[in-house]
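Student: Please give me a close look at a single part of this entry, and then show where that part sits in the whole.

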Protein chains: 2
Amino acid sequence: MKLGEGVEAAIHCAATLASVEGNSTMPGAALAEAFGLSPSYLLKHLNMLSAARILESVPGPAGGYRLARAAERITLLDIVLAIEGREPAFRCGEIRRNGPVKIDASAYVKPCGINAAMLKAERAYRAALAETTLSDIVADYAEEGDPRSFAASCAFVARHQRPQKSSSTKPA
Amino acid sequence: MKLGEGVEAAIHCAATLASVEGNSTMPGAALAEAFGLSPSYLLKHLNMLSAARILESVPGPAGGYRLARAAERITLLDIVLAIEGREPAFRCGEIRRNGPVKIDASAYVKPCGINAAMLKAERAYRAALAETTLSDIVADYAEEGDPRSFAASCAFVARHQRPQKSSSTKPA
DNA sequence: CCTATTGCAGATAAAATTTATCCATGATAA
DNA sequence: TTATCATGGATAAATTTTATCTGCAATAGG
């Protein structure tokens, strides 16, 4: 059981974008620089977040990414599912049917109990992830994080965010 | 987020071994046959279960595998950790430190809030897995499963289990 | 003792997935 | 018109997963 590295990058980027003011955007290259990541690869992940309607993208100069909705309404689960896919971690291969003795398919209409137990655990995992929002992450960082690191983050965002001409969604 | 196929095989095998009587064993080849799996690869997984003290192995003819303790005291978590490893699925790469502005390491003594939230979810996952024991799986199968399939499983176990000379652990 | 069966460790290889880079294209602000 | 930026596709490198094989140690049964 393993989560790809993209998840960490995606959450950090989304949290950073939560600090961007109004409908301003931040270029992908700036986000890559903020965390020392490969720009070309990070774009893939940002793209998945866009496809999942977690981020919005604005093309052209002064373009970039911003949150597609309020940070209060973006959970860690949203991000993890966008990056890792919506498939459950445990995939039942129905190997119970592969024995030497062939039994009629009607014997397997009830779902496999093992699968059920594994999926139940995964629901617990997802429920826990759904309890934390991006705004929780940001608030925790502002309150509990080191002031030096927090100030540096704020400065970085202020330096790289780009205001947009006309608003489309929520004007702060 | 993905679990290897070995987990499914391991749980099914362990559940099968839970039906073996007394201190009898069942050869790995028989378990592979029971689920249509590659014998040489399944042995790897059975071995991990042995290393984790979930199974015991007996060498020599009439040898094979059996549970190392009562099915009531083996949880799905035990098996998943034995196969997938004990590392958490989310591994924090501390990319928060990789920004262009270098900050003293003392700013990062507090753990990353994102990591904390992800680990919290994983604890929920593991707690849910720990709630289901092998005996739960077997009992559910006996009560809720199809009688034809259950009878076939019992017959298969009866045909392949091999009694041992002298007992070491629990004589049923 | 001898032999056949079985678990075990290690080397190896095939396949799939993840990670990463590059380039051509389209949008758009200046 | 130009420079900046997101997008999508093609591609490749790296890593992990899956799978097989071989030689070795243990042992029940003759």
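Tutor: Start with burial: a residue is buried if 20 or more other C-beta atoms lie within 10 Å of its own, exposed if 12 or fewer, and partly exposed in between, with C-beta atoms placed from the backbone. Helices (H or I, at least four residues) and strands (E, at least two) are DSSP runs, numbered from the N terminus. Residues are numbered from 1 along each chain as its sequence is written, while chains are lettered from A and ligands numbered from 1 in the order in which they are written. This is a predicted model, where local features need pLDDT of at least 70, side-chain atom pairs count only at pLDDT 80 or more, and totals for chains, interfaces and linings use all residues.

The part to look at is α1(A). This helix has 13 residues. From first C-alpha to last, α1(A) reaches 19 Å, close to the 18 Å expected at 1.5 Å a residue. That expected span is 1.5 Å times one less than the number of residues. Twelve of the 13 residues of α1(A) are buried, so the helix is largely enclosed by the rest of the structure. Among the buried ones are A:Val7, A:Ala10, A:Ile11, A:Cys13, A:Ala14 and A:Leu17. The list also includes A:Glu8 and A:His12.

Now the core. A nonpolar core is a set of buried Ala, Val, Leu, Ile, Met, Phe, Trp, Tyr and Cys residues joined through C-beta atoms within 7 Å. The largest one has 88 residues. A:Ala14, A:Ile79, B:Ala14 and B:Ile79 have the most contacts inside it. Contact means that two C-beta atoms, placed from the backbone, lie within 7 Å. In chain B, B:Ala14 touches B:Leu49, B:Ile54, B:Ile74, B:Ile79 and B:Leu134, leaving aside residues up to four places away in sequence.

Next, the partner chain. 51 residues of chain A are in contact with 51 residues of chain B. On the chain A side, α1 (5-17), α2, α4 (76-84), α5 (113-130), α6 (134-144) and α7 (147-160) each supply at least two residues. α5(A) gives the most, with ten. By class, that side has 29 nonpolar, nine polar and 13 charged residues. Here Ala, Val, Leu, Ile, Met, Phe, Trp, Tyr, Cys and Pro count as nonpolar, Asp, Glu, Lys and Arg as charged, and the others, Gly among them, as polar.

A residue is near a strand if its C-beta atom, placed from the backbone, lies within 6 Å of it. Of the 27 residues around DNA strand C, A:Gly4, A:Ser38, A:Gly60, B:Ser57 and B:Gly64 come nearest. Two or more residues of this surface come from each of α1 and α3 of chain A, and from each of α2 (28-35), α3 and β2 (64-67) of chain B. α3(B) has the largest share, four residues. The surface near DNA strand C divides into eleven nonpolar, twelve polar and four charged residues.

Finally, chain A overall. Its secondary structure comes to seven helices and two strands. From the N terminus, the order is α-α-α-β-β-α-α-α-α. Buried residues make up 36% of its 172 residues. Its C-alpha atoms fill a box of roughly 70 × 35 × 30 Å along the principal axes.
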